[in-house]
Amino acid sequence: MASPVTLTTSSSSPKKADAQDHSRLGSKQHSDGGWGLVPIQVRSARFASYDVRDFEPVSGQEAEWKHTPVARLQPLLTDPLDGDIEALTLVATGGPATIEWIDRSDARIATAGTPEERASANAWSSFESALSIRIDSETPTEITVHRSGLGDVPRAAHTVIHAAHHSVGTVVLQNSGKAMLSENVEIVLDEGAHLTVVTVQEWDDDATHLASHFATVGRDARLKHVVVSLGGSVVRVNPSVHLVSEGGDVELFGVYFADTGQHLEQQVFVDHDAPNTRSRVSYKGALQGLGAHTVWVGDVLIRPTASGTDSYEQNRNLLLTDGARADSIPNLEIETGDIAGAGHASASGRFDDEQLFYLQARGIREDEARRLVVRGFLSEIVQKIGSPELESRLQSAIEAELVGGSESTLEGQA
Amino acid sequence: MSVLTVSDLHVSVETEQGTKQILKGVDLVVKQGEIHAIMGPNGSGKSTLAYTIAGHPKYHVESGSVTLDGEDLLAMSVDARARAGLFLAMQYPVEIPGVAVTNFLRTAKTAIDGVQPSIRTWTKEVTESMKNLRMDASFKDRNVNEGFSGGEKKRHEILQLELLKPKFAILDETDSGLDVDALKIVAEGVNRAKQNTGLGLLLITHYTRILRYITPDFVHVFVDGRVAEEGGPELADRLEAEGYDRFIAPAGLPTEA
Ligand SMILES: Nc1ncnc2c1ncn2[C@@H]1O[C@H](COP(=O)(O)OP(=O)(O)OP(=O)(O)O)[C@@H](O)[C@H]1O
Ligand SMILES: [Mg+2]
């Protein structure tokens, strides 16, 4: 069910973002310069800066805000944020890794990306110290970052995850409790590194969380990135991956379950910027109840530098009740004729009655049949994580969503 | 002894062109232990009969009744009918992504029996049935019908028939799309199920070839939503030789697409 792709031909190669280059701090976002008033068609042309003062106030009309209920996250857009989060963060590691808090001025910061919207820049301007996780080991190691006591105070966080050459590891960001948080996560993969990053949002019902993940994938390195959003009032996680070197590979998975009144959003961006890079994006969501709203935006950019690109993205949503809404917006910009493949698929729909009939015809009661179908639909993504313990915990968390919403999960009780 | 009774059944579906009558008065009595073959040309309403008995919401019963041991099946939900002892092997089994075969089978067995099967005997039973149907053990971990070939889907249906042990089973064109070897394997499975449980069978088929391996007690010829003729196994042989022309030609309907 591939729909037509947007084919953008550009005469000159777009300026390559240099993460170390802070020169753009001096530039300002202009409301008359193709921002807000004139919609930006190409993802590569977005304004970026580390300084919140360079951004115009958010009106809600901007490309990256138009689906988001901005009124519900004003503190993160306008107020200064509390940038001291160290005492509220608990890090557990099951293997060798270097974990430390580093200063704003540390050279490890700003190695993977630059904020492209105001909340992200606000967090960048506000954080005091950043959590640095460095994995060197070739034997797989798993690190879990727990955040559960953030409270109502508007906060900023910054995390840098660095997978050294040929290292193998998994980093899980496990979120629960209250939150009013805007954060940036930088992910750097050196040559041949295999890194899995999982961010799990099991926040309380009234929590607000905006996250920008910036990843840069080195030569022949492989990133698996998983977003699991189950709890929270407004949760928006935007992963952005730059495939800067030949042979880089990224898999971006997401699974979300929105209940009554919940807004769960993800804007995914894959930037193919080197030959023979590969990307797979697969997000699946279920929605249940009045005002449950999910947004998935999938931007894939294949630059002239990215010959031999192999890319596919898909989003599927299952609407379990009336009054829920799933926005699904795939967008492909292809600037080279020499690609191995690029496609996208997007589908949002109700239950497949034939599936229900099949299960019921085997004696399975309707409510259980529905649960089986939804669990199956979502578990396809959960199965991709590759960490059995986390997978089974998330399966039960999804189960809890299915049987009645606000039941707390194992993590919440711990 | 259990009896499945279909009386004067009239069924319609809603189409874009309006309500379409499909079944126009079907009578049928199937006793436990009997094998009834229902044969008929494409579009004559065979699947409609099967789905209606199983309770598919698409089919609207205008009049008539379906009972199992005097109990009104039409008043029951789809799952209640299955728990009452009815099984439908589908002509086109659907894929259910993310639901593993083992999980599905165990859930169904638990639903039908009302209690979880004992793990040891159940695992053994599943393994043995799969072996009999020449299904590789790896199918257990695959998702229900996902990526199964046509023949594999049919074997999976018969696997469920063997494991769930219904009183009555309707097999909707279980033979179609099977090569000779697969046909024999599937027929063996059906015969085994009958031997073990003494179930009653409604065997829907377009062709006679499965009847070489499963001998019917009765043959009903279905034409244009009705039973046009009934007889013993010899009627199948006659259909084999003559085809359906004699039922269709005189009235000039229905035409085949
Ligand atoms: N949902 C529907 N919408 C429109 N027509 C339908 C629908 N379901 C069934 N029909 C029609 O009802 C008639 C009987 O269909 P049915 O599937 O019961 O036939 P069948 O005897 O099983 O045929 P086959 O041998 O091809 O399996 C056909 O003409 C079919 O097109
Ligand atoms: Mg049919």
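Before the first stop, a word on angles: each helix axis here is a line fitted to C-alpha atoms over the stretch in contact, and the angle is taken between N-to-C directions, from 0 to 180 degrees. Keep in mind that you're looking at a predicted model.

Start by selecting residues 101-113 of chain B, which is helix 3, and residues 150-164 of chain B, which is helix 5. Their axes come within 10 Å and cross at roughly 35°, and the crossing is right-handed. Now show side chains. On the helix 3 side, the contact is made by B:Val101, B:Phe104, B:Leu105, B:Ala108, B:Lys109 and B:Ile112; helix 5 brings B:His156, B:Leu159, B:Gln160, B:Leu163 and B:Leu164. Color them by type and you'll get eight nonpolar, two polar and one charged.

Next, pick residues 119-132 of chain B, helix 4. Try the distance tool on its end C-alpha atoms: they are 20 Å apart, which agrees with the 20 Å that 14 residues should span at 1.5 Å a residue.

Which residues of helix 4 of chain B are buried? Highlight B:Trp122, B:Val126, B:Ser129 and B:Met130. Look down the helix 4 axis: these buried residues fall within an arc of 100°, so they line one face of the helix. Residues three or four places apart in an α-helix point the same way, because there are 3.6 residues a turn.

Last stop: B:Arg134, which follows helix 4 and has a positive phi, near 55°.

Key. Residues numbered from 1 in each chain as written. Chains lettered and ligands numbered in written order. Predicted model: local features only at pLDDT ≥ 70, side-chain atom pairs only at ≥ 80, totals over all residues. Heavy atoms only, no water. Helix = DSSP H or I, 4+ residues; strand = E, 2+ residues; numbered from the N terminus. Left-handed = near helix turned anticlockwise from the far one by under 90°. Contact = heavy atoms within 4.5 Å. Nonpolar A, V, L, I, M, F, W, Y, C, P; charged D, E, K, R; others polar. Expected span 1.5 Å × (residues − 1). Buried < 20%, exposed > 50% of the residue type's maximum accessible area, 1.4 Å probe, protein only. Arc of directions from axis to C-beta.
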